[in-house]
Amino acid sequence: MALTITNVKVVRTAPQGNQQLVVVKIETSDPGLYGWGCATFTQRAATVVTAIEEFVKPFVIGWDPQRIEDIYQAALTSSYWHSGPVLNNALSGIDEALWDIKGKLANMPVYQLFGGKAREAVDLYTHASGETFEQVADNIRALTERGFRHVRAQVAVPGYATYGSRAAGNARSWEPAPYVRIVPKLFEYLRTHLPEDIELLHDIHQRIPPIMAIGLAKELEKYRLFFLEDPFAPEDNEYFHILRSQTAIPIAMGELFVNPAEYVPLVKDRLIDFMRVHISDIGGLSIARKLAAYCEFFGVRTAWHGPADVSPIGHAANLHLDLAVHNFGIQECTIFNDANREVFPGTPEIRDGYLWANDQPGLGIDVDEEKAKKYPWPDQPLRGGWAPLRRADGTINRQ
Ligand SMILES: [Mg+2]
């Protein structure tokens, strides 16, 4: 009998506490054969659930799960208007689950289907922040003692909410000028007080006017960052031409991208060095493979988005692609808690600053659906949405 998709289940869980994870299970006409995919978009999680249950699920039932590309293209174009983080996450849940199934059918890890290992394990970066330069440096030292070689450094700006490090008290207020003044001083301190072989990263998080980001990038160039992330919002992509003409600081960009129209020109014109997309937000592994291959021809390396708003299944998807592509750059990691590992058996392991695959067929990760119920989504007034971030005069600022 022909193999078909018989059911699509959506699991909501929050083992990390505040992150509303959405993961998707595809069941097939072979009772033991199923796959898991990540469909997590934490600020609009329930909307993704609706997109899957109301539209994607009835669309894919009855299809042959082996036809990944065909299903992807058909589901993408089944709405005249497509793209966007909600619909892309719904597609990703399906797409990644189909790759998981494909690996199980082949009795191979997904990285084997992508061409096999191009490296033994995946070099990681994680985050250090603090209220003072000394605290940031101490936190970086503690991470290097655990084996990390790459650390993103953010420091509090007194009185303001700074991405990656929140000052006490006035937690939702933000001004760009104090931030731009303090960041070069942080890196002067870190380069003076830490061993020179520690790779340092920084994330502007597209929070400041573009011309201020260009000034900051030029000031930071001498501190030899591994990369400077998200100097501009996607809407300001044209500023990369100006930035690139003025500094050789390595640039990472893309966790907010949802559409090829946003990332294709930046790569073609060699305006960035690291592609940072959040794989479920662009539609899953199938399109991320194509993006990685495209980037290779232009000297752009991968650095997929990987904080705790990516489910452990999404981290496994990142890992399998990282292992197989030649132009891997770095992988952002989350240090998962025990509850996450309880719900997601097979969550990739971090050792010596690397992420390791477990070599099981498929993505190598499962979901304990009963244990997932132990960690329901938290009861949040904005249902995962973010409260406004305002300038001192009350103007809304990008988050
Ligand atoms: Mg970022």
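D203 stands opposite E229, a residue of strand β9. That pairing belongs to a predicted model.

**Around strand β8**

Strand β8 spans residues 199-203. Is it enclosed or open? Four of its five residues are buried, so the rest of the structure largely encloses it. A residue counts as buried if 20 or more other C-beta atoms lie within 10 Å of its own.

β8 pairs with strand β5 and is also joined to strand β9. The table sets out both pairings.

| Strand paired with β8 | Residues of that strand | Sense | Bridges |
|---|---|---|---|
| β5 | 150-155 | parallel | three |
| β9 | 227-229 | parallel | three |

Which residue of β8 is the bridge partner of R152? The partner is L201. Toward β9, D203 faces E229.

A helix also belongs to this picture. Helix α7 covers residues 210-220. Together, β8, α7 and β9 form a β-α-β unit, and this unit is right-handed.

**The largest nonpolar core**

The largest nonpolar core holds 120 residues. Which members touch the most others? They are V23, V48, I94 and I272. Helix α3, residues 85-106, gives this core its largest share: nine residues.

Take V48 as an example. Which residues does V48 contact, leaving aside neighbours within four places in sequence? They are V22, A39, F41, V86, N89 and A90.

Key. Residues are numbered from 1 along each chain as its sequence is written. This is a predicted model: local features need pLDDT of at least 70, side-chain atom pairs count only at pLDDT 80 or more; totals for chains, interfaces and linings use all residues. A nonpolar core is a set of buried Ala, Val, Leu, Ile, Met, Phe, Trp, Tyr and Cys residues joined through C-beta atoms within 7 Å. A residue is buried if 20 or more other C-beta atoms lie within 10 Å of its own, exposed if 12 or fewer, and partly exposed in between; C-beta atoms are placed from the backbone. Helices (H or I, at least four residues) and strands (E, at least two) are DSSP runs, numbered from the N terminus. Two residues are in contact if their C-beta atoms, placed from the backbone, lie within 7 Å. Two strands pair if DSSP finds at least two bridges between them. A crossover is right-handed if, with the strands pointing away from the viewer, the path from the first strand over the helix to the second runs clockwise.
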